[in-house]
Amino acid sequence: MAVERTLSIIKPDGVAKNLIGDINRRFESSGLSIIATRMMQLDAREAERFYEVHKERPFYRDLVRYMTSGPVLVQVLEGDDAIALNRDIMGATNPADAAPGTIRADHAESIEQNVVHGSDAADTARREVAFFFDEKQIFSRPAQATRHDDR
Ligand code: ATP
Ligand code: MG
């Protein structure tokens, strides 16, 4: 398994529901390290560019409105197989299809208001990390960073 970086966003509904601690505990107890973090409110242009791949989809306008509706927490996660591992921790896009115990199964309201974003592949992870962070804002952990199994 390779050490990877992936971009995570705790979306406006996740921040509004006070889920930052719950979500970050899930990441850390699964062996992911939070190596960059930034709270911000996206403006429409940023949200449009970030979700550009969906611009022809019928939900695009609503998605941009939702993603700009309040502050988000944008983070870089690092660890073995981080991209797929984060997607597993998040659960399926539609909470009705999300596996029990995942963030979306536990907390998402709908296929749109689904609490978290995670990069879906190595190339998108690179693009999305660079979208929000300069390399000097990212702080990789030493290899021996430990996982918390104790809570
Ligand atoms: P994300 O990219 O946010 O991690 P994802 O990869 O699981 O989620 P995508 O297909 O990339 O899902 O869709 C991006 C986001 O657009 C979803 O997370 C959700 O907020 C919204 N979305 C996706 N499909 C729909 C839909 N059918 N109706 C409304 N909103 C949707
Ligand atoms: Mg996606």
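**A tour of the pocket and its ligand**

Start with the lining of the largest pocket: its residues divide into seven nonpolar, six polar and eight charged. (Ala, Val, Leu, Ile, Met, Phe, Trp, Tyr, Cys and Pro count as nonpolar, Asp, Glu, Lys and Arg as charged, and the others, Gly among them, as polar.) This is a predicted model, where local features need pLDDT of at least 70 and side-chain atom pairs count only at pLDDT 80 or more, while totals for chains, interfaces and linings use all residues. Residues are numbered from 1 along each chain as its sequence is written, chains are lettered from A and ligands numbered from 1 in the order written, and side-chain values use heavy atoms, leaving out hydrogens and water.

A pocket here is an open set of points on a 1 Å grid over the protein atoms alone, where a 1.4 Å probe fits, with protein on both sides within 12 Å along at least five of seven lines; lining residues have an atom within 4 Å of a point.

Now select Y51, H54, F59, T93 and H117: of the 21 lining residues, these lie nearest the pocket's centre.

Next, pick ligand 1. Where is ligand 1? It sits in the largest pocket, meaning more than half of its atoms lie within 2 Å of the pocket's grid points.

Zoom in on the polar contacts (pairs of N or O atoms within 3.5 Å). An oxygen atom of ligand 1 is 2.8 Å from a side-chain N or O atom of N114. For H54, the distance from a side-chain N or O atom to a ligand oxygen is 2.9 Å, and a polar side-chain atom of K11 is also 2.9 Å from a ligand oxygen.

Note on methods
A polar contact is a pair of N or O atoms within 3.5 Å; within protein, one must be able to donate a hydrogen and the other to accept it, and residues adjacent in sequence count only if both atoms are side-chain atoms.
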